[in-house]
Amino acid sequence: VGCGSGSMLSVLANFGEVLGVDDNDAALNFARQNGFSNVMRIDDGCLSKQSNFRNSFDLVTCLDVMEHIDDDELLLKDVFQILKPGGIIDYSTCTHSPEENEEVLDFAITKLNMKIENINLPISCRKGIKTWQGRTYNNQIQKSCRIFPQDTNTDGFFIAKLVKEWK
C-alpha cells in the first residue's frame with residue numbers, strides 16, 4: 001500500500017509477485033515510467049471491494065503510509081480483508097507518535113484479532129510503549145520496535161509485524 005516511486009517494488013519483486021497500490025496519480029505515473037506496470041489506483045477502504053483480492057495476499061507492506069492516511073483504522077480493516085490467514089502486515093512509520101503507532105496496533109489486536117510477532121533487527125530497538133496519556137495498550141505492543149536517531153544514527157522509525165490469525 002503506497003507504492004510511491006516504485007523503488008520498493010523492485011526489491012520486493014525478488015521475493016514473489018508484487019502489486020503496487022497508491023491513491024496518488026503522480027506516484028503511480030512515476031512508478032509506471034520507471035518500469036513498474038503492475039500498479040493500480042485505490043482510494044481508502046476500496047482494496048477489499050475487489051472480490052479477487054479477499055484473503056489473497058501473503059504480505060502487505062505499509063511503509064511510511066499510515067501517517068499520511070486520514071483514517072488509519074479504515075485502511076487497516078481493509079488490508080486485513082485482503083490478507084490470507086497467516087498473512088503479514090509490515091507496519092512501518094517514520095513517526096514516534098503513539099496515536100499513529102501503538103494506538104493503531106492496539107486497534108488491530110483488539111478489534112481485528114491480529115497478533116504482533118517479535119522482530120529481530122540488526123540495530124538498536126526500543127519496545128513499543130505500554131501507556132500513553134492515560135490509555136493502556138495491549139501487552140503485545142511491546143513486540144513492536146521504536147528506532148530512535150540517537151540510538152542508531154539513522155532517521156527515526158516505528159516497525160511492527162502484524163499477523164492475521166488462522167480461524
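A salt bridge is defined here as a side-chain nitrogen of Lys or Arg within 4 Å of a carboxyl oxygen of Asp or Glu. The model is predicted, so that local features require pLDDT of at least 70 and side-chain atom pairs pLDDT 80 or more, while totals for chains, interfaces and linings use all residues. Residues are numbered from 1 along each chain as its sequence is written, and side-chain values use heavy atoms, without hydrogens and water.

The protein chain contains 5 helices and 10 strands, taken as DSSP runs (helices H or I, at least four residues; strands E, at least two) and numbered from the N terminus. Of its 167 residues, 40% are buried, where buried denotes under 20% relative accessible area, exposed over 50%, and partly exposed the range in between (1.4 Å probe, protein chains only). Of the contacts (heavy atoms within 4.5 Å) between residues at least 6 apart in sequence, 67% join residues at least 24 apart.

The salt bridges number 7. One of them pairs the side chains of E102 and R146, with an N to O distance of 2.7 Å. E102 belongs to helix α4 (residues 102-112) and R146 to strand β9 (residues 145-147), 44 residues apart; both E102 and R146 are buried.

E103 pairs with R135, with 3.0 Å between the closest N and O atoms. Because E103 lies in helix α4 and R135 in strand β8 (residues 135-136), this pair ties together parts 32 residues apart in sequence. E103 is partly exposed at 25% relative accessible area, as is R135 at 34%. A network of salt bridges links E103, D106 and R135.
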